[in-house]
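Colleague: Hi! Could you walk me through this one?
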Amino acid sequence: MVLGAAVTGGCWLIVSLADGDASPAGETFSTRGTLTLADSSLSLLAEGEDCTGLDGYSDIHRGAQVNVTGADGTLVATGELVGGKKTALGCEFPFAIEGIPQGSKFYRVEVSHRGGLTQTEDELRSGGLAFTLGND
């Protein structure tokens, strides 16, 4: 009987100290997006051709890291750019990020070292992140 009361009391304490908006531990979600590199040096390529960043954009390529940090600045998930394809807008690199933990007040998504976009969880869940980088 004492053990049951102790377990119940411990559970009550944990629940009462937890943030009411926090998600259950271990639950994650994913997001998708694109980075479009608008660079005039890509103008000679035909639409649909493989492309990559050149010169000052050489860090933009297949496999470049996409980082997600939580509100406290801690890295919480990573993804990478998929191979770029030439479009009317430039060189478009899709990406997907899996395993983003729920419950942060906001998230920051950054491609390579290019600065990030701040998003809410709902915005990330909806996908469609769109970064544009370049001189066009």
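Modeller: Happy to! Strands here are DSSP runs of E, at least two residues long, numbered from the N terminus. This is a predicted model, where local features need pLDDT of at least 70 and side-chain atom pairs count only at pLDDT 80 or more, while totals for chains, interfaces and linings use all residues. Residues are numbered from 1 along each chain as its sequence is written, and side-chain values use heavy atoms, leaving out hydrogens and water.

Colleague: Thanks! Where is Thr-36 found?
Modeller: Thr-36 sits in strand β1.

Colleague: Is Thr-36 buried or exposed?
Modeller: Buried, with a relative accessible area of 8%. Buried means under 20%, exposed over 50% and partly exposed in between, using a 1.4 Å probe and protein chains only.

Colleague: And what is Thr-36 in contact with?
Modeller: Beyond its neighbours within four places in sequence, Thr-36 touches several residues, including Leu-89, Cys-91 and Phe-131. Contact means heavy atoms within 4.5 Å.

Colleague: New topic: how many aromatic pairs are there?
Modeller: The count is two. Rings of Phe, Tyr and Trp (its six-membered ring) pair if their centres lie within 6.5 Å; planes under 30 degrees apart are stacked, over 60 edge-to-face and the rest tilted. Phe-29 and Tyr-107 have ring centres 5.8 Å apart and planes at 80°, so they are edge-to-face. Both residues are buried.

Colleague: Why is the pair of Phe-95 and Phe-131 tilted?
Modeller: Their planes are at 55°, with centres 6.1 Å apart, so that pair counts as tilted. Phe-95 lies in strand β6 and Phe-131 in strand β9, so the pair ties together parts 36 residues apart in sequence.

Note on methods. Helices (H or I, at least four residues) and strands (E, at least two) are DSSP runs, numbered from the N terminus.
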